[in-house]
Amino acid sequence: VICSFRGSVSHGLTLEIGETVQILEKFEGWFRGFSIKKPTVKVNRTTSNLRAFLMKLQYETVVPLEDSVVTEVTSTLQEWAVLWKQLYVKHKVDLFYKLRHVMNELIDLRRQMLSGHLTQDQIREVKRHVTVRLDWGNEHLGLDLVPRKDFEMVDADQISVSDLYKMVSSADALTHMLTVCVNCDRHYEKFMVRLNKNGGPKNPEKVDRLCALFTVKNQHYYNAWRMLLNDSKKGPPHVHYRRPYGCAVLAMSDVLQTISELKEEKDFVLKVYTCNNENEWYQIHENIIRKSSTKYTAPSTNYGLIISLQLLRGEMDQVRRENPMIFNRSVAITRKLGFPDVIMPGDIRNDLYLTLERGDFERGGKSVQKNIEITVYVLYADGEILKDCISLGSGEPHITEHRSYVLYHNNSPRWSEVIKLPIPIDRFRGSHLRLEFRHCSTKDKGEKKLFGFAFTPLMREDGTTLSDESHELYVYKCDENTTFSNHALYLGLPCCKDDYNGCPNIPSSLIFQRSTKETLWISTQLSSTKLTQNGIDLLALLKWKAHPDRVMDILGRLRHVSGEEIVKFLQDILDTLFSILDDNTDKYGPLVFQSLVFIINLLRDSKYYHFRPVMDTYIQKHFAGALAYKELIRCLKWYMDRSAEVVRQDHIQEAMRALEYLFKFIVQSRILYSRATCGMEEDQFRTSIQELFQSIRFVLSLDSRNSETLIFTQAALLNSFPAIFDELLQMFTVQEVAEFVRGTLGSMPSTVHIGQSMDVVKLQSIARTVDSRLFSFPESRRILLPVVLHHIHLHLRQQKELLICSGILSSIFSIIKSSSLETSVQEEVEMVVESLLDVLLQTLLTIMSKSQSQEAVRGQRCPQCTGEYVSCLLSLLRQMTDIHFQHLLDNFQSKEELKVQIIMYYLTIIVTTVQYLSPALHKNFTDADFDFKVWNSYFSLAVLYINQPSLQLENSSPYSLSGMIKYSCVTGCSVVWWFANQTTAKKRFISHS
């Protein structure tokens, strides 16, 4: 109800704002129904009618039209309103004001959700804020905490007790919060802004468009710039030269908290500092950060830079969708120097970052030092200057030449100026940089005299590029009349010391002579998906056809290539490996297999783990090795069969760790072959996979107690094994894959015959099997459950690794509960009951008894598992039907055995089993066979359960009353029914008491 209604019409219902109404009928704009707060349903007061009415309501589900979180907020606020007033009466003033603040926040958040103007991501964020506040208020008011999934209340009848326990446990854990600060990489491209003397954009079209987007670990910083200048000051006098002016610094750590709490831009005013000594200009920002105040001057109050910051969370596509107005302003995307975190196949980048570091120059007969300007050009092999191949930063168009800023009277200038050279890949080979040096005279502003130059090729003769390091370039003399019309005159000269060693005989009569006392230092950083700096190993592999006699050596040296180069050229390397395999399988097969294993395991490293999607995309869209599966299966089987013979098993263990992606290649290769041949050799493929699984079972069946290396091999195999299920499901039926897995898990020795460390690995493999997609199919679950339950039964009998076992059981019960909503799970529950019910009860009783003991024997004392095993037991009992209970009771051989078992049940279970065990009590232990001990346990449990504080109806709010009735009704009715119908047994029970 969004507006109060007086109900002044005939049969009208008075409603208050926020009240929930259940609609029964609609007719001509009018509704018939009742308020959930004040239901108006009337029934006859007979027992039969009451029972029928309760049974009807028990299975009736009312789904409100509004969002469930909105409904919860409404009912919670109504409940809190009463308690909030009581806080004031009880003089709990502090909590009174805190709760009022939280209630106002919830009202505002509820209004946002009802507005209908939020995106899905915004709704999710609002729900997160809502649930945090709801849980806070319920906790401080002593109310029940609500288990949630995706911020919404869960229906306890639709999930297993184990899942419910996990939700409650995780909610408790979330009350302890940890704040983590992430340090961001400082190496980013520049955002270039050209301003006029008035502080506005030099280009009038860019008014209100000086915007840039910086990407940092999936968080984006949005920047808008404008300069404030003192109108009384004149513009810079040296209009022909770039001169240092000022620097402003903002520490993002100081403002991150502020901008993260806002949804709009926040303005910040930065002071623009000037450098006291131009020689320190290259590091003025570092001096400001270090607060070395003697090296810079604070500005007057009329100078400053205003920037606006906004924090945008999410991936780039998401940010574009949610903030169209920002991108309509032609925002410049400012990239990180170097590669992004993930390079996908098809992504092409070819950027060379050049840093003008410093130089040493002669005075040249002048009385004062020079004012040196460097002009940078990129030239192609034919001497043509490449146009638009220089970028000073995002936000400005590319240019053909770059002029450095000029430091006044400085023969040893330090620039530290970074520019980007986005050179096309087809123009990179043969291109070179030419850096021309000019003296800028202060007497004649228009005079710039050329006095020297330096150069460097971008690619060496072996096809590798400049290395990512500092380069010391030679400076060659020239005069202002030099035109460089014939670039070949200097390209034959050495550009640096390393180049000089390769040119021992240089004639002295050349036009350009080297200035031995002058040097230029530059540094480069390459970000290319097609060019490499490793010419010895990587290029030799990629161009293996040029040296077919060296293929064996080239494959062996792949391990010497750096991981960065491998992931950068991953697709090309994989294409090369499978091309070599196709060329001569018998000769190169084992070495190609080893190389493939090396690359796969490289992607398991945390540094390169995020490149796994690159491998997945390659296998699905680019891999073309239709015959590769035969050699991969053969090599993998050969490795496994040798595990019992060799002493050093490093190479075998590496192959086991790479099992997941080896199977991806095997399956995709077989799919390609099957498409090309219309399914030929299908039987041979199936036979080879069956033989491979025989080898897998052989490895796991070996006794590893006296061999540490064999333990590591088996552990590597078990860790990788569950990851291959999805690949096998592409080629085999669910039942066939389940049979493969059952045979493998069944081949593992029992806990008596393996070491303690292998116990953990084995159970972890079983846990991943249970959590896999394969286990979600009912037909495969019926095949796998017996072997899984067998291993758990052995561990529970020996009281070993109880925590891992409880996690596996919890997952099993969760899956069975989910499946029970769609299909029958009677057979699966029967398996669990027959295999685990008895040992589960014994384990729980042992844990509870030993939790009070001071004995600390590993694997036996596990008090932290008590909650897990109670939830597992309740999950099982809750999923048992009368058929399961009847089968269980039929298995007892005598009344004495039944008596002991029933007592144990009543000590460990709750109301869901009472309705099934009560008939067994009435049938076997009344009248002549009356047993006081059994009935005393029954009534003790019933009385304790009914009297627990959480089920006392007089203390329940109207909103939780229906739930309390449901959980207390069954036990209470059972006790009342027994006293009403068992007169003789009642007298005997009272007399014994």
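**Nonpolar cores and an antiparallel sheet**

In this predicted model, Tyr 869 is in contact (heavy atoms within 4.5 Å) with Leu 796, Leu 802, Cys 805, Ser 806, Leu 809, Leu 840, Thr 843, Leu 844 and Ile 847, residues up to four places away in sequence not being counted. Apart from the core to which Tyr 869 belongs lies another, of 55 residues, including Met 192, Ile 284, Leu 435 and Phe 451. A nonpolar core is here a set of buried Ala, Val, Leu, Ile, Met, Phe, Trp, Tyr and Cys residues joined through side-chain atoms within 4.5 Å; buried denotes under 20% relative accessible area (1.4 Å probe, protein chains only).

The largest nonpolar core comprises 129 residues, of which Ile 599, Leu 636, Phe 665, Leu 796, Ile 812 and Tyr 869 touch the most other members. Helix H29 (residues 826-850) makes the greatest contribution to this core, 11 residues. Helices (H or I, at least four residues) and strands (E, at least two) are DSSP runs numbered from the N terminus. In helix H28 (residues 802-820), 14 of the 19 residues are buried.

Six bridges join S15 to strand S12 (residues 350-360) in the antiparallel sense, and Leu 356 has Glu 417 in S15 as its bridge partner.

Residues are numbered from 1 along each chain as its sequence is written, and side-chain values use heavy atoms, with hydrogens and water left out. Local features require pLDDT of at least 70 and side-chain atom pairs count only at pLDDT 80 or more, whereas totals for chains, interfaces and linings use all residues.

Notes:
Buried means under 20% relative accessible area, exposed over 50%, partly exposed in between (1.4 Å probe, protein chains only). Two strands pair if DSSP finds at least two bridges between them.
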